[in-house]
Amino acid sequence: MNTDPISDYLTRMRNAIMANHKIVEIPTSKTKKEITKILFEKGYILNYKFMDDCHPGIIKIALKYHPSTKQSAINNLQRVSRPGLRRYVNVEEMPTVLNGLGIAIISTSQGMMTDKEAKSKNIGGEVLCYIS
């Protein structure tokens with residue numbers, strides 16, 4: 001049993017990127033699915049597939065690399081809020097990652113979204129991670 005599934009998700013992604021893997025498989029959960037959808041929408045991953053027919057369910061993520069330099073689209077994955085220390089912010093305290101070049105994934109009462117979307121909707125929430 002894993003006590004922090006989001007940290008496990010980010011660590012699996014980080015390890016796959018460092019090993020230059022094209023595909024990474026991660027056990028599924030609702031939170032991980034939402035984070036994966038956000039990463040795809042923002043262009044950090046190439047594609048994804050939810051394999052819910054097997055037990056436990058798996059998320060297959062195709063990682064995105066630059067064609068000539070073979071550098072990943074994701075440079076940094078950092079967990080912010082964790083089970084031992086939750087980090088909540090309101091709209092005024094909303095973080096910016098790399099002066100707006102990266103994203104912060106926020107869990108709000110209206111679902112998961114990026115920091116920019118949360119600012120535009122004028123809602124705060126729990127800062128899950130930074131991605132750049």
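Colleague: How far apart are the mean positions of the positive and negative charges of the protein chain?

Modeller: In this predicted model, those mean positions are 5 Å apart. Lys and Arg count as positive, while Asp and Glu count as negative.

Colleague: How do you know whether the radius of gyration of the protein chain agrees with a compact globule?

Modeller: Set the value against the rule: for 132 residues, a compact globule would have a radius of gyration near 14 Å, and the protein chain has 15 Å, so the two agree. The C-alpha trace spans about 40 × 40 × 25 Å along its principal axes. Buried residues make up 40% of the 132 residues. The chain exposes about 7,700 Å², with 51% of it supplied by carbon and sulfur atoms.

Colleague: Which elements does the protein chain run through from the N terminus on?

Modeller: The order is α-β-α-β-β-β-β-β-β-α-β, which holds three helices and eight strands. As for contacts between residues at least 6 apart in sequence, 60% join residues at least 24 apart.

Colleague: Why is T36 called buried?

Modeller: Its relative accessible area is 0%, and buried means under 20%, so T36 qualifies. T36 is found in helix α2, residues 30–41. Leaving aside residues up to four places away in sequence, T36 touches Y9, I45, Y48, F50, I59 and I61.

Colleague: And what makes S72 buried?

Modeller: The same cut-off applies: S72 has a relative accessible area of 11%, and under 20% counts as buried, therefore S72 is buried. S72 is found in the loop between β3 and β4. The side chain of S72 reaches the backbone nitrogen of I74 at 3.0 Å. Not counting residues up to four places away, S72 touches I17, K64 and Y65.

Colleague: What makes the pair N75 and Q71 a polar contact?

Modeller: Their side chains are joined at 3.4 Å, and the cut-off for a pair of N or O atoms is within 3.5 Å, so the distance passes. Separately, the C-alpha atoms of N75 and G125, 50 residues apart along the chain, are separated by 25 Å.

Colleague: What makes phi of K70 worth a look?

Modeller: Most residues other than glycine have a negative phi. Phi of K70 is near 60°, a positive value in a residue other than glycine. K70 is found in the loop between β3 and β4, and K70 is exposed because its relative accessible area is 57%, over the 50% cut-off. Phi of L98 is also positive, near 50°. L98 lies in the loop between β5 (88–89) and β6 (103–108), and is exposed at 53%.

Colleague: How do you know that the peptide bond from H55 to P56 is cis?

Modeller: Its omega is near -5°. For context, most peptide bonds are trans. The place of P56 is in the loop between β2 (45–51) and β3.

Conventions
Residues are numbered from 1 along each chain as its sequence is written. This is a predicted model: local features need pLDDT of at least 70, side-chain atom pairs count only at pLDDT 80 or more; totals for chains, interfaces and linings use all residues. Side-chain values use heavy atoms; hydrogens and water are left out. A polar contact is a pair of N or O atoms within 3.5 Å; within protein, one must be able to donate a hydrogen and the other to accept it, and residues adjacent in sequence count only if both atoms are side-chain atoms. Helices (H or I, at least four residues) and strands (E, at least two) are DSSP runs, numbered from the N terminus. The radius of gyration is taken over C-alpha atoms; the globule rule is 2.2 Å times the number of residues to the power 0.38. Buried means under 20% relative accessible area, exposed over 50%, partly exposed in between (1.4 Å probe, protein chains only). Contact means heavy atoms within 4.5 Å. Accessible areas come from the Shrake-Rupley method with a 1.4 Å probe; for residues, only the protein chains shown count as cover. The place of a charge is taken as NZ of Lys, CZ of Arg, CG of Asp or CD of Glu.
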